[in-house]
Amino acid sequence: MSATNIDDPRVIEFDVRTDEMIINMGPQHPSTHGVLRLALRTDGEIVSDLEPHIGYLHRCAEKIGENLTARQFVPYTDRMDYLAAMNMNLGWALTIEKLLDHDVPEKGRHLRVLICEMNRIASHLVAMGTYGLDLGAFSPFLYAFRERERILDLFEKTCGARLTYSYIAPGGATADLPVGWTAECSKFINQFKKVIPEFHTLLTTNAIFIARTTGVGILSPRMAIDYGCTGPVLRGSGVYHDLRFHGEERYTELYDGYEFDVICADSETGKYPSSHQEVYKDGLEYPDVPSDAILGDCWHRFYVRMLEVVQSVRLVEQSIVKYDACSGSHGEPIKLTQKLPVGEAYLETEAPRGQMGFYVVSDGQSNPWRVRARSSCFSNLYVTAPLCRGVLLADVPAVVGSLDVVMGEIDR
Amino acid sequence: MELMAVAWAYWHQFFFIIFAGSAVGFGCGVLISQNIVRMAFYLVLSLGSTAGLFFLAGAEFVGAMQLMIYVGGTMVLLIFGVMLTAQKDFVNMKTHTHDWILATVVGGSLLMVLLFAAFGSEDWRSPQDPTDAHIVDTKAATPLGLALTGVRVDKLDDPNDKLNQGKSGYLMPFIIISVHLLVVLIGAAYMARTKKLSHATGLRSSRARLSVFKMEDEDEVLEEEKYVVLRKDKRATNPLDTNGNSTDNPDNTDED
Amino acid sequence: MAEFFNEYIFGDGPWSWLGYVIAALIACILIIHVVAVGAMGFIWLERKVAGRIQDRLGPTRVGGKFGWLQTLADGIKLIAKEDLTPDVADRFLFKIAPYVAFAASFSAFIALPFADGVVANHVNTAVFFVLAVLGLEVFGVILAGYGSGSKWSLFGAMREAAQVVSYEVPLGMCVVVPVFLCGTMNLTTIGNMQEGFITNWLVFNDPFTFVIAIVYFTCATASVNRAPFDLAEAESELVAGFHTEYSGLRWSLFFMAEYGSMFLVSGLAVILFFGGSNGPIPVGDWLANLLGGVEGSIGANLPSLGAITVGVIGVANFIFKGAIGVTVMIWIRWTFPRLRIDQVMAMCLKYCVPIAAFCFVGAVGWEVLDLPTPNNLDEKSRYEYHEKWSQEYLKTQRESVPTENDTHVQQAVPAEAIVTTVAVSQSDLDVNGGKQ
C-alpha cells in the first residue's frame, strides 16, 4: 500500500489477508485536519497498520524562497502553519536577523512576545475545538471559535488580515500596534480568563472524553525523542523541554524578564505546575489528572495545551504592561532588497505545535541560495503509525487529533 | 354491491388469505431465490406474516412474541451471519435439480402428514358461520404467565381431580429452559472471547504486530535492488503504470 | 370510532365494512402526522436547541423570524434531489431498506395511547408489542448498510445492529418494572393508573423505580442511536455510516424513522413513568363535570363535550411531555462527545444490565414488603383504570353473565380461535381481587 507509481525499486506491496480491509481515511475526511491520507489496514475494528500519505498540500515554498528576497518570503511562511502564522513569521524573522546580526529594539521585542502568545492562544483554541469535534462533541468547537473570533478581530486591527498576517517581518514588525489596542487586548484577556473553565467542564473533566482519550496513544519519552517529536507532544510525555527556556540565546532573550512555566508533568509526582493559580485570583481550581490517565496519552497532550493557554495568558498580560511602558521604535523592517551576507543561519523557535526551524544559506545576494523549513508537525505525524497499531478504529482520530497536525506545515 | 357485502362478510378470510399467502409466498421466495441475503430477507417477511396471522387470531401476546423472538432475534442473528460470511462464492446459490426432487419428496410427505392431522382433528374444523368472525380480546398473557409459574388457571374447572387444583403448571420446564439458556449464553461468550493479545497501543504492541507484516526475503530484495509486487489481493484497485495503462493484466507484474 | 361511523352513516348492512376502513385510514393518517410532522417539528427543534447551546441562532429565515418552515424547505429540497443508486448496490435491498425502517417506527405507534381511549388499536399487551416492533427497526439499518455495497456502510450497519440488539435487554428489564407495579401490560391502563396529583406518577413510587426511569432513558437513547451512542452516524469517523450512500427522499425517510423512534421511546417513558396523559394536577374530572360529564362511551353515543375536552387535554399533555423527553435527548447530543463501540457495549453489559436488575429486585422487594408509596394504586381496583369504553362493555357483560366470586379465578378464553361472543366476564384474571 504505497505510492501507485511502480518506479521506485523499493516499493513493495504487502499481502492482504482475506479477513482484512485496507481503508483510506482521507484525504477528504472531516477529521484528518487537512488533506492527509491515512491508509489503515484493519480487520473489522482493530487497526493493525497505518501509513500516512502526505504531499497533497505541497506548494514548493522552499524552492520559491530561492527566488525571493527575505522580506518577500514572509507571506510564504504565513501559509505554512496557517493557524499560528505569527509564530511562523517570527521564526523566519529571527533567522534572517541572526544572519544579518541585527537586533530589534526593546519595544519590538515586547510586541513580538505579545503577538506571538496571542496567536498561541488562538492556535490552541482551534486544536482544542477540533479535537472535541473529532470525538463527537460539537459544542466546544463553537465556543473555542467564538473566543478565537475576538482574537482574530484584534489581529485584524493590527495588520488587516485574519489568518495570514505577514506582520512580523525581519527587523521588527510591519507596523506598530494601533492606539488603544493594548487596552482592548486587556479587556479580551480579562473576559477570556472567565471562559476557560467552560472548556474544562465540557471536555477535560467530561467522563466520556476521559474514557475516549486516557490510555490511548501512549507515547513513551524515549520514543518521542527518537521520532523527533516536539512541542506539546513531547511535553505531554513528560520530557521537560521548551525552547523558550532551553533554546538559542537569540530566541530565549526574547522572553527575558518574563515569568511563566514550562508545562510538563513532574516525573516523580506526575503533577503539573500550579502557578496558574495566580491567573485565577478568584480561586478557581484546575482539574486534577484523572486516575486513568497515563503519562504520554492523548489526554495529557490535550491537557498540556490547555495549561499552555493559561501560561500564554500570563505572558500576554506581562507583555502588555512592558510594551506600554516602552517607548521607541517597534523595529522597522529591513529593506525589501536587503543583501544577505554570505553564510548560513539556522534557528528553531517554539511554535504552538512544536519546534519550527528555518535554515537560510546565503551567497551574498538578496535572494537566499537555499531556504529550508523544519516542520514540527512532520516529525509529530510519523509517530501516528506506531501509536495506532492495535487500537480500535475510533481511536485513530483521537490520536491524530491529539498530535494536532496542520498539513500546510507538513507539506510546505 | 352484493359482492362488497360478501367481501365484507368474509373479511376474516380475506385478511387471512393475505397474511397466509404472503407467508407462503415469501417462503417460496426463500426456496427460489438465488441471492443468499435476499433469502434471509424473504424469511424475515415470511415470519412477520406469520406474526400477522397470530394477531388476526386474536393472540396478541403470541404474535408480539413471534415478532420479538423470531424476527427480532433469530432473524437478526441469521442476517448477521449471512452478511458477514457472504463472500462472492456464496452470494449466488443455485439449487440443483436433484436437490429439488429430494426436497419435494421429503417436504411433500411432511405436508401430507400435517394435512391429514389437521383435517382429521375435530377441534380444527370450523363449524361456525364464517361471517360471524370477531377478533377476541383474549387477554392471554396473564394465564400464560401464571401457567409458567406453576398455576394452570384454565384448568380449574376440569373434572379431573389432579388437574383442578391449579397446580399442574410449567414451572419446572421453565426453570430448566432458563438455566439451559444461561448455560448457552455463558458458553457462547466464552467461546467468542478474544484470545490473549497485547491490546495495548504504542510501544508495547508495535514490536509484536510488526513481525506479522515483515516481508519474506526482505533483506535479499533490498540487496539486489529488485522489487516484487506481491499483490495477491486481486480485488485491490490497480494502479496505472507510467504510460497511463492499467496494470490489470497479471502478466504485467515484472520480476527482474 | 368505527362503530361511530357505522351508527350514523353506514348502518349495519353491507356497507358497514366501509366504516372500519375509514376508521383505520383516519388512524393511519393521524399516526403519519405524528411521525412525519413530528419529525419536521423535532428537526427544527434540534437545530434551534443546538444553535442555542453553541451560542448561535438556529434557522431564522424560512417561515418568519424563527425559521418554522426550515424543515419543510429542506424536505422539498430532498425530494427534488437526484435518486442515486450505487453501482455495486443490491438494488432491491437498497431501495427497500428505508421503508422497512420507517414502517417499523410507524407501526409501533399503533399501540401507543395518546390519552385515555385515544389509541389506534387497543392492544392489551401493548408494552410487549411496542418493544417487539421497535426491535424491527434494526433491519432497515442492516439492509441499508449491506445494500449500499461499500465497506464503510457495512461497518456502520453492523455496529448499529449490535448496539440496538444489546440494548433491548436492559430496556426490557426497565420496562417490566411499571408493568408489575400496575399488574397489566395495557398502556392505557398504566397511564390511567397514574391519574391524580403528580405524586401518583410511577417514577415517584419508590427510589428504585426512579433509578429505573433514568436507566430506561439511557437505554432508550442508545436504542435509537442518538449521541452519545451514535456511532452508526459518526460523521467524523465513517463519513455517515450506514446511510452514506443515501440521498434525497430515502435519506429523509431514515431520519423520519429516527425522530419517530425518539418520540416513541420518549412517549413510552412518559406513559410508563411520568403519568401518561395526566397532568400534575387532576383537572380532568372537574373539567369534565363542568362540561357535562364523560358518559357516553365511544360507540354508543357521540362522545360528550366533556369527554372530548378531557381527551384533548390528555393528548396535549402527552405530546408536551414526550417533546420534553426528545428535547432532553437533543440536549445530551450536543453536549457530550461520542463513546467508542467497545465502551458502548461495556456500558450496556457492565452498567445498565446490573443496575436495571438490581433496581428491579429492589422495586419488587419494595412492593412485597409493602413499603410506603406516595400513590394510591393499592386502594382502587385495577378495573377502575381500564379504558372507559371497555368498562362500559364489561359492565354489561357482568350483568349478562352470572358473576363469579371475586376470589375465584375465571376461566380463560376457550381454545377455539374464532368465537362468536366474548366469554370473559372479568377483564383480568385477578387472583385476589385487586392488589393488596
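**Close-up 1. Ile22(A) meets its partner across the strands.** In this predicted model, Ile22(A) has Arg41(A) of S2(A) as its bridge partner. That pair belongs to the pairing of S1(A) with strand S2 of chain A, residues 37-43, where five bridges hold together two strands that run antiparallel.

**Close-up 2. Three strands of chain A make an open sheet.** Follow the order S1-S2-S3 and you'll find the pairing antiparallel. Strand S1 (21-25) and strand S3 (46-53) of chain A sit at the edges; each has a single partner strand, so one side of each goes without a neighbour in the sheet. On average, neighbouring strands here are turned by 25° against each other, ignoring direction.

**Close-up 3. Helix H15 of chain A packs on that sheet.** This helix, residues 395-403, touches S1, S2 and S3 of chain A, and its direction makes about 145° with that of S2(A). H15(A) is mostly covered, with nine of its nine residues buried. Among them are Asp395(A), Val396(A), Pro397(A), Val399(A) and Leu403(A). Just past the end of H15(A) comes Asp404(A), which takes a positive phi of about 55°.

**Close-up 4. Asp395(A) reaches a partner in chain C.** Back at H15(A), have a look at Asp395(A), one of the buried residues of the helix. Asp395(A) forms a salt bridge with Arg340(C), and the closest N and O atoms are 2.6 Å apart. Between chain A and chain C the count is two salt bridges.

Close-up 5. For the complex, the predictor gives an ipTM of 0.76 and a pTM of 0.79.

**Close-up 6. How confident is the predictor in chain C?** The average pLDDT of chain C is 77, and 74% of the residues score at least 70. Within chain C, helix H9 (residues 207-223) has the highest confidence, at 93, while helix H10 (residues 235-238) has the lowest, at a mean of 49. The pLDDT is also below 50 over residues 296-301 of chain C, a stretch with eight contacts in the model beyond near neighbours in sequence. Residues 401-436 of chain C are below 50 too, and this stretch has 59 contacts in the model beyond near neighbours in sequence.

Methods:
Residues numbered from 1 in each chain as written. Chains lettered and ligands numbered in written order. Predicted model: local features only at pLDDT ≥ 70, side-chain atom pairs only at ≥ 80, totals over all residues. Heavy atoms only, no water. Pairing = 2+ DSSP bridges. Helix = DSSP H or I, 4+ residues; strand = E, 2+ residues; numbered from the N terminus. Axes fitted to C-alpha atoms, helices over the stretch in contact; angles between N-to-C directions. Contact = heavy atoms within 4.5 Å. pLDDT = per-residue confidence, 0-100. Buried < 20%, exposed > 50% of the residue type's maximum accessible area, 1.4 Å probe, protein only. Salt bridge = Lys/Arg side-chain N within 4 Å of Asp/Glu carboxyl O.
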